[in-house]
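Please view the structure before reading the points below.

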Amino acid sequence: MKTNEKIKRAEKSILHTYDRYQVVLERGEGVYLYDTDNRKYLDFAAGIAVNALGYHHPVYTKALQEQAAKLTHISNLYYNTPMIEAGEKVLAASGMAKVFFTNSGAEAIEGALKAAKKYAFQRDGHAGHSIIAMEHSFHGRTVGALSVTGNAHYREPFEPLMGGVRFAAFNDLGSVEDLVDDTVCAVILETIQGEGGIYPAAPEFLTGLRQLCDDRDILLIFDEIQCGMGRTGDYFAWQGYGVRPDIMTCAKALGGGVPVGAFVLGEKAAAASLGPGDHGTTYGGNPLACAAVSTVFDIFQKEKIIEHVQGLTPYLEKSLDSLIQDHPCIKARRGKGFMQGLVIEGQPVSEIITRAMENGLLVISAGTDVLRLVPPLTIEKTHIDEMIGILKASI
Ligand SMILES: *Cc1c(COP(=O)(O)O)cnc(C)c1O
């Protein structure tokens, strides 16, 4: 009753751009969420790979409370200590040179694209450069980010978007080579494609791209918004491949649930791209969001979150693989670490998701036919067993 009334109220005021699940979530504890009727859900969605530390983590909550009581916003006209600390921690984890904090993933993509364009503008003394992006990619909903998103259905109503974007086939180096010419300033891709259906990059694809970009002085941009921040068992997924980007984008788990993103530049892009007056944001790098980022890194270190993901991944993979054996509608498993997808055939993924929710488990979809599992990084073996049990009952 309570739930239905709230949903009715929401639909009266909130623009309907999402077909939401019929639940109103109220609070979280550990890796569980509770709705307004006090029903409990095991969370394998983590707010779309955001809530890496689960809910109500005592250290994280305390840090936010303390920062909220001090300062939440001052603008980028002044310095603030949480931004300094968060910036140093992003660079320490990535080994990159400079960071710019944003408010979202899409905004991090916008900044990365501008940095690449400015780099080529300075090098060549003129504008008009193009960008190679990937089919089935997802980089966000703002106009620039949408321009490099490989889903034509998302783009079409809003065209013309940013010009000069060419789409290559993911994991097909030849298709990128075919599109390269002197106008190309950047290649952008997700190290592991998320929304498109959980497709990890092939190692030889990334090494080939690195070589190609080095040979032609093209900037390589890795979108780590979903796959970064420990999800694959490294701070950033590219570290697991040993292939370094010139620019990386972060968001989602970066703030552990507070809206924040970043684009991070390597030495080359940092030395010769965006300068004073080229880019800005009112909120980006605000002390509240940066206190969240800083605390997330501290907790990752103290609780050995990366090692935990590495240690538990074989068990998660083994458990999911055993599910495949018993259920012919699951055709394959793809993914890395705690970013896993099950390819479903013969029944809509949405039906499984709805049944799982009724049975107390939150999971999401990716692409058209993939059940996506992106739990908090703090899950334990027992949660994996519980998830498998509920999925069995829901498929
Ligand atoms: C979610 C996501 C984005 C967009 O982030 P927003 O914060 O929703 O703007 C961009 N790229 C990838 C890979 C994502 O998963």
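A polar contact is here a pair of N or O atoms within 3.5 Å. The model is predicted, and the contacts given below are computed from it. A polar side-chain atom of Lys252 stands 2.6 Å from a ligand oxygen atom, which means that this pair falls within the cut-off for a polar contact.

**Ligand site**

- Gln226 also places a polar side-chain atom 2.8 Å from an oxygen atom of the ligand.
- Gly105 contributes through its backbone, a polar atom of which is 2.8 Å from a ligand oxygen atom.
- On its own the ligand has 380 Å² of accessible area, and the protein covers 81% of it.
- The residues around the ligand include Ser104, Gly105 and Ala106, together with Phe138, His139 and Gly140.
- Glu190, Asp223, Ile225, Gln226 and Lys252 are also among the residues around the ligand.
- By class, this shell comprises 3 nonpolar, 5 polar and 3 charged residues.

**Helix α5**

- Helix α5 runs over residues 105–124, and Gly105 and Ala106 of the ligand shell fall in that range.
- The 20 residues of α5 should span 28 Å at 1.5 Å a residue, and the C-alpha atoms at its ends are 29 Å apart, which agrees.
- At the start of α5, a side-chain oxygen of Ser104 comes within 3.2 Å of the backbone nitrogen of Glu107.
- Ser104 is also one of the residues around the ligand.
- Just after α5, Gly125 adopts a positive phi of about 75°.

**Second largest pocket**

- The second largest pocket holds about 690 Å³ of space.
- Its lining consists of 26 residues, and those nearest the centre are Met83, Lys98, Val99, Phe100 and Phe101.
- Three elements, α4 (81–94), β4 (98–102) and β12 (261–265), each provide at least two residues of this lining.
- Helix α4 gives the largest share, 5 residues.
- The lining of this pocket has 15 nonpolar, 8 polar and 3 charged residues.

**Cavity**

- Across the whole structure, the search finds 1 cavity of 30 Å³ or more.
- The largest cavity contains about 30 Å³ of space.
- His73, Ile74, Ser75, Asn76 and Asn80 are among the residues lining the largest cavity.
- Its lining also includes Thr282, Tyr283, Gly284, Gly285, Asn286 and Pro287.
- This lining has 3 nonpolar and 8 polar residues, with no charged residues.

**Backbone features**

- Most residues other than glycine have a negative phi, and most peptide bonds are trans.
- Glu159 and Pro160 are joined by a cis peptide bond, with omega about 5°.
- Pro160 is placed in the loop between α7 (152–155) and β6 (165–168).
- Met229, a residue other than glycine, has a positive phi near 60°.
- The loop that holds Met229 lies between β10 (219–223) and α10 (237–241).

Definitions and conventions
Residues are numbered from 1 along each chain as its sequence is written. This is a predicted model: local features need pLDDT of at least 70, side-chain atom pairs count only at pLDDT 80 or more; totals for chains, interfaces and linings use all residues. Side-chain values use heavy atoms; hydrogens and water are left out. Helices (H or I, at least four residues) and strands (E, at least two) are DSSP runs, numbered from the N terminus. The expected span of a helix is 1.5 Å times one less than its number of residues. A polar contact is a pair of N or O atoms within 3.5 Å; within protein, one must be able to donate a hydrogen and the other to accept it, and residues adjacent in sequence count only if both atoms are side-chain atoms. On a 1 Å grid over the protein atoms alone, a cavity is a set of points where a 1.4 Å probe fits but cannot get out, and a pocket is an open set with protein on both sides within 12 Å along at least five of seven lines; lining residues have an atom within 4 Å of a point. Grid points are joined across faces, edges and corners, and a volume is the space filled by probe spheres set on the points. Ala, Val, Leu, Ile, Met, Phe, Trp, Tyr, Cys and Pro count as nonpolar, Asp, Glu, Lys and Arg as charged, and the others, Gly among them, as polar. A residue is near a molecule or strand if one of its heavy atoms lies within 4 Å of it. Accessible areas come from the Shrake-Rupley method with a 1.4 Å probe; for residues, only the protein chains shown count as cover.
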